Amino acid sequence: FREQMEFAVIRCAIKNATPVDIAILNDLNNQLIAYKENSAYDYNEFYRLDVAFHKQLAKAAHNRMLEDTYNYSFEIFSPLILGNYKAGQGIEPTVESHTDFYNALANKDLFLAGYAAHNAVALWSKWAKKQGYPAFPIRE
């Protein structure tokens with residue numbers, strides 16, 4: 001489900017995003033990169049940037065139902081993501097994943113979008129296993 005949601009959002013964002021949407025996502029992605037390179041680790045701040053990026057990506061789809069569904073599903077999975085950040089894991093692959101999403105959007109590249117969606121979910125799946133959630137359907 002999550003992989004399909006990620007791909008649906010990025011696909012609609014590729015079609016509907018405005019230059020302003022793309023600029024905001026670029027800024028958020030640059031903040032994530034700068035955080036990775038220059039900041040003392042504060043998992044709450046990193047999580048805040050992660051959530052802001054995903055909410056803006058959903059907004060860039062310009063599809064209210066998809067945006068609301070995506071944000072709702074993200075809220076379901078976000079405690080798991082926050083737990084992973086709290087454990088000090090995931091900064092590097094998260095930044096790479098978000099950069100792939102941004103580049104897919106900026107270049108209107110559906111193949112990169114699919115790759116980014118799959119990799120984001122594969123990363124999340126690894127975290128779920130580490131935190132003891134084997135019941136989640138995991139595709140690797």
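Start by selecting glutamine 56: at 9% relative accessibility it counts as buried (buried means under 20% relative accessible area, exposed over 50%, partly exposed in between, with a 1.4 Å probe and protein chains only). You will find glutamine 56 in helix α3; helices here are DSSP runs of H or I with at least four residues, numbered from the N terminus. Now show the side chain of aspartate 21, which a polar contact of 3.4 Å joins to the side chain of glutamine 56. A polar contact is a pair of N or O atoms within 3.5 Å; within protein, one must be able to donate a hydrogen and the other to accept it, and residues adjacent in sequence count only if both atoms are side-chain atoms. Leaving out residues up to four places away in sequence, glutamine 56 touches Asp21, Ile24, Leu25 and Leu28, where contact means heavy atoms within 4.5 Å.

A word on the model before moving on. What you have open is a predicted model, in which local features need pLDDT of at least 70 and side-chain atom pairs count only at pLDDT 80 or more, while totals for chains, interfaces and linings use all residues. Residues are numbered from 1 along each chain as its sequence is written, and side-chain values use heavy atoms, with hydrogens and water left out.

**Stop two: the core**

Next, select Ile10, Phe53, Leu57, Phe101 and Leu105. Of the 37 residues in the largest nonpolar core, these touch the most other members. A nonpolar core is a set of buried Ala, Val, Leu, Ile, Met, Phe, Trp, Tyr and Cys residues joined through side-chain atoms within 4.5 Å. Which elements give two or more residues to this core? They are α1 (2-16), α2 (19-38), α3 (43-60), α4 (64-86), α5 (91-106) and α6 (110-130). The largest share, 8 residues, comes from α3.

Zoom in on phenylalanine 53. Not counting residues up to four places away in sequence, phenylalanine 53 touches Leu25, Leu28, Asn29, Leu32, His98, Phe101 and Tyr102.

Then move to leucine 105 in helix α5, a buried residue with a relative accessible area of 1%.

**Stop three: α1**

Select α1, whose 15 residues reach 21 Å from first C-alpha to last, close to the 21 Å expected at 1.5 Å a residue; the expected span is 1.5 Å times one less than the number of residues. Its buried residues include Met5, Val9, Ile10 and Ala13. Phenylalanine 7, also in helix α1, is partly exposed, with a relative accessible area of 23%. Outside its four-place sequence neighbourhood, phenylalanine 7 touches Leu110, Ala113, Gly114 and Ala117.

**Stop four: α4**

At the start of α4, look for a side-chain oxygen of asparagine 63, which reaches to within 3.3 Å of the backbone nitrogen of methionine 65. Run along the helix to phenylalanine 77, where α4 bends by about 45 degrees, with proline 79 following within four residues. The bend is the angle between axes fitted to the seven residues ending at a residue and the seven starting there. The 23 residues of α4 should span 33 Å, and the end C-alpha atoms are 31 Å apart, which agrees. After α4 comes glycine 88, with a positive phi near 80 degrees.

**Stop five: the rings**

Show the rings of Tyr35, Phe46 and Tyr85, which ring pairs link into a cluster. Rings of Phe, Tyr and Trp (its six-membered ring) pair if their centres lie within 6.5 Å; planes under 30 degrees apart count as stacked, over 60 as edge-to-face and the rest as tilted. The count comes to 3 aromatic pairs. For phenylalanine 46 and tyrosine 85, the centres are 4.9 Å apart and the planes at 80 degrees, so this pair is edge-to-face. Phenylalanine 46 lies in helix α3 and tyrosine 85 in helix α4, so the pair ties together parts 39 residues apart in sequence. Both phenylalanine 46 and tyrosine 85 are buried.

**Last stop: two loops**

Finish with histidine 62, in the loop between α3 and α4. Histidine 62 is not a glycine, yet has a positive phi of about 55 degrees. Lysine 108, in the loop between α5 and α6, has a positive phi of about 50 degrees and is not a glycine either.
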